[in-house]
Amino acid sequence: LGHQDTYLVADLSRTCWSSQHLTWSLLVALPGILVWGVLTPLIAIVVLHRNKEHLDKGTLKAKFGFLYQGYQRQYYFWELIILVRKLGVITIVVFLVVIERRKQALICLTFLFVTYVLQKSHQPYVREDLNLLESKSLLVGLVTIYCGLYFVSDELSETSQLVLFLTLISLNGYFFSHWIAIFVKRLIVAWRNHHFRCWDKCLYGSQTKTQGFNSLVSSDRKRISIGTRK
């Protein structure tokens, strides 16, 4: 705008780091980031670490099972890694908006590459298809940001931009279709397992009731025969 002041994207009439903006930042934004973005995940991880030998117990599983179910036992903390990745991307996008866009994209690209290497080297999920899906999602994100660097440079022809755009659409479409395929497959497996359990319950439940009725009839017959003898 012709000078060094910065303004809120949501409201350009508000100057960044003015007295009003600083007050709201310190009283609302900063405590929210510390409580929900730092303190709460750390408390959960500390609790899980102290009870890592008892993760299958009912009480702990009922309270914190959503944090580690689906991961291998030695990677019970991996949800924290994913949270750090999300917070890192948000921090780069929000707080580094003041620097050059290419530098911002390179920082984000480097950060995502580190998380991709961690995912490929550890494979934390129990199911192999989830490990593959997570790796592909990070890889698609890396390619998307890398291609975005060319759009930022403003040095590409319209044909090159169209090719890059179609490439990004194809990659994201491939990942989305792969995700849909895994989701539908797991949904069918869950549906079959549910119906098989219902069928087994009905079948063996009926057999149990029949056996119980037959044993009751035979015991009554024995009583009658004994009474007749007397």
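View 1. Arg-102 counts as partly exposed at 39% relative accessibility, where buried means under 20% relative accessible area, exposed over 50%, and partly exposed in between (1.4 Å probe, protein chains only). Glu-100, with a relative accessible area of 38%, is partly exposed. The two side chains meet in a salt bridge at 3.0 Å, N to O; a salt bridge is a side-chain nitrogen of Lys or Arg within 4 Å of a carboxyl oxygen of Asp or Glu. By this rule the count comes to four salt bridges. This is a predicted model, in which local features need pLDDT of at least 70 and side-chain atom pairs count only at pLDDT 80 or more, while totals for chains, interfaces and linings use all residues. Residues are numbered from 1 along each chain as its sequence is written, and side-chain values use heavy atoms, with hydrogens and water left out.

**View 2. The buried pair Arg-85 and Glu-134.** A salt bridge joins the side chains of Arg-85 and Glu-134 (2.8 Å, N to O). Because Arg-85 lies in helix H3 and Glu-134 in helix H5 (residues 128-153), the pair ties together parts that are 49 residues apart in sequence. Helices (H or I, at least four residues) are DSSP runs, numbered from the N terminus.

**View 3. The salt bridge between Arg-73 and Asp-56.** The closest N and O atoms of Arg-73 and Asp-56 are 2.5 Å apart. The pair links distant parts of the chain, 17 residues apart: Arg-73 is in the loop between helix H2 (58-68) and helix H3 (78-95), and Asp-56 is in the loop between H1 and H2. Arg-73 is partly exposed at 36% relative accessibility, whereas Asp-56 is exposed, with a relative accessible area of 56%.

**View 4. A nonpolar surface patch of about 1000 Å².** Its members are Trp-17, Leu-22, Trp-24, Leu-26, Leu-27, Val-28, Leu-30, Leu-34, Val-38 and Leu-42. Patches are made of residues with over 30% relative accessible area and no salt bridge, nonpolar side chains (Val, Leu, Ile, Met, Phe, Trp, Tyr) being joined within 5 Å and like charges within 9 Å. Leu-42 is placed in helix H1 (residues 19-50) and is partly exposed, with a relative accessible area of 45%.

**View 5. Helices H4 and H6, compared by confidence.** Confidence in the protein chain is highest in helix H4 (residues 101-122), at a mean pLDDT of 91, and lowest in helix H6 (residues 158-229), at 71. The predictor's confidence in each residue, pLDDT, runs from 0 to 100. The chain averages a pLDDT of 80, and 82% of the residues score at least 70. Where pLDDT is low, the predicted coordinates should not be read in detail.

Technical notes. Accessible areas come from the Shrake-Rupley method with a 1.4 Å probe; for residues, only the protein chains shown count as cover. Helices (H or I, at least four residues) and strands (E, at least two) are DSSP runs, numbered from the N terminus.
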